[in-house]
Amino acid sequence: MSIESTIITKSTTPQSRSAQKLETRRRILAAARRVFAREGILATSTAAVAAEAGVSHGSVFAHFGTQEGLIAAVIEDFGEALSLHLHESTERGAGTREVLKSHLDAIRESEGFYARLAVETPLLPSEARLSLVLIQSDIAFHLSPAIEADAKAGSVKAMPLPLLFNTWVGLLHYYLANRELFAPDASLLESRGEELLDHFMSLISTGGKR
Amino acid sequence: MKLCVACGMPMEKPSDYPLGDESKDYCVHCARADGSMQSYEERAAAMANFIVMTQGLDGRAALAAARARMSRLPAWKGRP
């Protein structure tokens, strides 16, 4: 068998086809996240995503079916990465501040995209909006053992998890949605993240330390 | 790392599996006390409850979000 035919045989095995498919999917998701950050989620066409990813327009539809499917998949992909990031902090037995810091760090990696989400969520297709609900619950779930431990230790006020979590998200989303006013030409979370974290911790702290 | 087919949770250690049985494809949260997998309705109600407990959503909105999430998980694909 010639070298050429060996290469052709290898490149068309079911495993390599499957790996190629996964790689294309990954490229489209990463490209979509970048374009969404630049142009906005709803303002972005699937053709723009295909161009950014360097794939054919048809390939986007082959992988995600519809524009709505693509948006939901990008959000879900982002949520999985966020969840894994937080999972690592929780496994280390991190305290409330550390888990929230971890939340900020994970968002900062895709701040432009997340800021678009903060603004556009109510306008997104239902599938995407509902995906976000589960992502937020997952974050709250990862935060919950840290809050319980800190409340038990007396350093954090005992308060209902949904109110505490929604207060944090409300603060974060307000600043992210208006980041051009709070941190023009810079990362909001880099320049103001610590300040937001300090403020939120002062709201929920009893004054004790952990 | 395996992901639970019924809720999507990462399963890394024996305590993530029902009765510690790592051959299962679903996690401890999606299992009944005897280790069998919860039904679609049981899982939807549990997931909706999880959403209410963590974010305080209205119960019907939480159930809609749970069903939407489940429709994309391997265990429940094809369900309405």
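Domain bounds come from an automatic or database domain assignment. For chain A of this predicted model, that assignment gives domain 1 (1-65) and domain 2 (67-210). Residues are numbered from 1 along each chain as written, chains are lettered from A in written order, and side-chain values use heavy atoms, without hydrogens or water. Local features need pLDDT of at least 70, and side-chain atom pairs count only at pLDDT 80 or more, whereas totals for chains, interfaces and linings use all residues.

The C-alpha centres of the two domains of chain A lie 30 Å apart. Contact (heavy atoms within 4.5 Å) joins 19 residues of domain 1 to 17 residues of domain 2. The domains bury about 1,500 Å² between them, 68% of it on carbon and sulfur atoms. Buried area is the accessible area (1.4 Å probe) lost by two parts on being put together, summed over both. On the domain 1 side, Arg33(A), Ile41(A) and Leu42(A) lose the most area to domain 2, together 45% of what that side buries.

One salt bridge is counted between the domains; the term requires a side-chain nitrogen of Lys or Arg within 4 Å of a carboxyl oxygen of Asp or Glu. Arg33(A) forms a salt bridge with Asp77(A), with the closest N and O atoms 3.2 Å apart.

Helices are DSSP runs (H or I, at least four residues), numbered from the N terminus. Leu130(A), Val133(A) and Leu134(A) meet Ala64(B), Ala65(B), Ala66(B), Ala68(B) and Arg69(B).

Terms used
Helix = DSSP H or I, 4+ residues; strand = E, 2+ residues; numbered from the N terminus.
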